[in-house]
Amino acid sequence: MLDNPIYLKHRDWMNRAIALAQAAGDAGEIPVGAVIVDAQGNAIAQTANRKERDRDPTAHAELLAIRQAAQTLQDWHLNQCTLYVTLEPCPMCAGAIIHARLKLLVYGADDPKTGAIRSVLNLPDSPASNHRLQVLSGINESACQDQLQAWFQQKRKNSAE
């Protein structure tokens with residue numbers, strides 16, 4: 001599987017999301033990065049968390065990427081696009097992903113506290129969902145988990161000092 005061309009493509013885009021997450025973490029944000037790729041394989045949105053910087057509770061990487069992609073395409077229907085994000089989306093982001101009609105969601109690490117795709121909730125498969133989202137999880141999972149765990153460990157260490 002690891003040498004499968006489809007997996008390699010997903011891995012490469014997830015690596016880009018991880019790099020964006022690292023920059024966010026370095027800036028004091030929770031390290032989550034997101035990339036949206038169009039049907040032709042072009043990145044049309046590349047973002048990371050900006051809640052602290054923007055003082056905006058909705059400035060999650062996924063929402064910022066959806067906004068950016070919709071502006072780029074001049075259409076809120078993102079039904080031919082793939083979203084890559086390092087962490088399983090929360091309920092707010094999962095709702096936006098469904099409403100944007102994204103074709104495929106690819107995420108790295110499960111979020112056992114607020115994950116709304118498979119871990120805690122399953123919004124895509126809910127009867128309330130008006131769109132059937134394809135989901136692929138676990139791409140570069142260890143790198144995504146390690147990045148988040150290291151950031152939170154450092155934050156706790158800094159708080160204790």
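Helices and strands here are DSSP runs, numbered from the N terminus. By that numbering, R101 sits in the loop between α4 and β4. The model is predicted.

**Figure 1**
Follow the chain along the sequence, and the pattern reads α-β-β-α-α-β-α-β-β-α. The C-alpha trace spans about 50 × 40 × 30 Å along its principal axes. How does the radius of gyration fit a compact globule? With 161 residues, such a globule would have a value near 15 Å, and the protein has 15 Å, so the two agree. Of the 161 residues, 45% count as buried. Take the contacts with a separation of 6 or more: residues 24 or more positions apart account for 57% of them.

**Figure 2. The surface and the charges of the protein.**
The protein exposes about 8500 Å². Carbon and sulfur atoms supply 51% of that area. There are 16 positive and 17 negative charges. Their mean positions lie 3 Å apart.

**Figure 3. G108 is found in strand β4.**
Is G108 buried or exposed? G108 counts as buried, because its relative accessibility is 1% and the cut-off for buried is under 20%. Which residues does G108 touch, leaving aside those up to four places away in sequence? They are M14, V85, T86, G138, I139, E141 and C144. G108 and A39 are 69 residues apart along the chain, and their C-alpha atoms are separated by 21 Å.

**Figure 4. P91 belongs to helix α4, residues 91-99.**
P91 has a relative accessible area of 39%, so P91 is partly exposed. Leave out residues up to four places away in sequence, and P91 touches T114, A116, L121 and L123.

**Figure 5. S126 sits in the loop between β4 (104-109) and β5 (134-137).**
S126 is a loop residue, and S126 counts as buried at 17% relative accessibility. Why does 17% qualify as buried? The label applies because buried means under 20% relative accessible area. What does the side chain of S126 reach? The side chain of S126 reaches the backbone nitrogen of A128, at 3.0 Å.

**Figure 6. R55 has a positive phi of about 50 degrees.**
Most residues other than glycine have a negative phi. R55 is not a glycine, yet its phi is positive. Where does R55 lie? R55 lies in the loop between α2 (51-54) and α3 (61-73). R55 is exposed, because its relative accessible area is 74% and the cut-off for exposed is over 50%.

**Figure 7. R101 also has a positive phi, of about 65 degrees.**
Like R55, R101 is not a glycine. R101 is found in the loop between α4 and β4. At 22% relative accessibility, R101 counts as partly exposed. Why is R101 not called buried? Buried means under 20%, exposed means over 50%, and partly exposed lies in between, so R101 at 22% takes the label partly exposed.

Definitions and conventions. Residues numbered from 1 in each chain as written. Predicted model: local features only at pLDDT ≥ 70, side-chain atom pairs only at ≥ 80, totals over all residues. Heavy atoms only, no water. Helix = DSSP H or I, 4+ residues; strand = E, 2+ residues; numbered from the N terminus. Buried < 20%, exposed > 50% of the residue type's maximum accessible area, 1.4 Å probe, protein only. Polar contact = N/O pair within 3.5 Å; in protein donor to acceptor, adjacent residues only side chain to side chain. Contact = heavy atoms within 4.5 Å. Rg over C-alpha atoms; globule rule 2.2 N^0.38 Å. Areas by Shrake-Rupley, 256 points an atom, 1.4 Å probe, with all protein chains shown as cover. Lys, Arg positive; Asp, Glu negative; His and termini not counted. Charge placed at Lys NZ, Arg CZ, Asp CG, Glu CD.
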